[in-house]
Amino acid sequence: QLHLVESGGGLVQAGGSLRLSCAASGRTFSSYAMGWFRQSPGKERDVVAAISRSGSTIYYGDSVKGRFTISRDNAKNMVYLQMNSLKSEDTAGYYCNARSFWEDFWGQGTQVTVSL
């Protein structure tokens, strides 16, 4: 099993920046495509950004394009989400996801709250 732990969430003012980290352990990290998802109360869990196993292919949700950057460091078993120009609409629980052809793993999430 692959174990995922998110960190870096917290309270930040609108217009500010935050960097989320996801640490993986238990399997070969480079075998998995990685993604960041977010979910607010009463809303579905939406993809924020995703990155392929090698990092050669990257996807962003429309609402975060130009503001967020996903990256991965396979040598450190880490994936990151750099969040700039934060808005109140970005307030949500953020979840790290690892996916292969065979299986799918989720972290416990980290809360991001953007204040005025």
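## A buried arginine

Arg67 counts as buried, at 10% relative accessibility. Buried means under 20% relative accessible area, exposed over 50%, and partly exposed in between (1.4 Å probe, protein chains only). The model is predicted: local features need pLDDT of at least 70, side-chain atom pairs count only at pLDDT 80 or more, and totals for chains, interfaces and linings use all residues. Residues are numbered from 1 along each chain as its sequence is written, and side-chain values use heavy atoms, with hydrogens and water left out.

Arg67 forms a salt bridge with Asp90, with the closest N and O atoms 2.8 Å apart. Asp90 lies in the loop between S8 and S9, and Arg67 in the loop between strand S6 (58-60) and strand S7 (68-73), so the pair ties together parts 23 residues apart in sequence. A salt bridge here is a side-chain nitrogen of Lys or Arg within 4 Å of a carboxyl oxygen of Asp or Glu.

Asp90 also forms a salt bridge with Arg38, the closest N and O atoms being 2.9 Å apart. This pair links distant parts of the chain: Arg38 sits in strand S4 (residues 33-39), 52 residues from Asp90. Asp90 is buried, at 1% relative accessible area. Arg38 is buried as well, at 14% relative accessibility.

## A salt bridge between Asp62 and Lys65

The whole structure holds three salt bridges. One of them joins Asp62 and Lys65, with the closest N and O atoms 3.2 Å apart. Asp62 is exposed, at 66% relative accessibility. Lys65 is partly exposed, at 49%.

## Fold and dimensions

The chain has eleven strands and zero helices. Both are DSSP runs, numbered from the N terminus: helices are H or I with at least four residues, strands E with at least two. The radius of gyration is 13 Å, close to the 13 Å that the globule rule gives for 116 residues, so the chain is as compact as a globular protein of that length. That radius is taken over C-alpha atoms, and the rule is 2.2 Å times the number of residues to the power 0.38. The C-alpha atoms fill a box of roughly 40 × 25 × 25 Å along the principal axes.

Buried residues make up 41% of the 116 residues. Among contacts (heavy atoms within 4.5 Å) between residues at least 6 apart in sequence, 53% join residues at least 24 apart.
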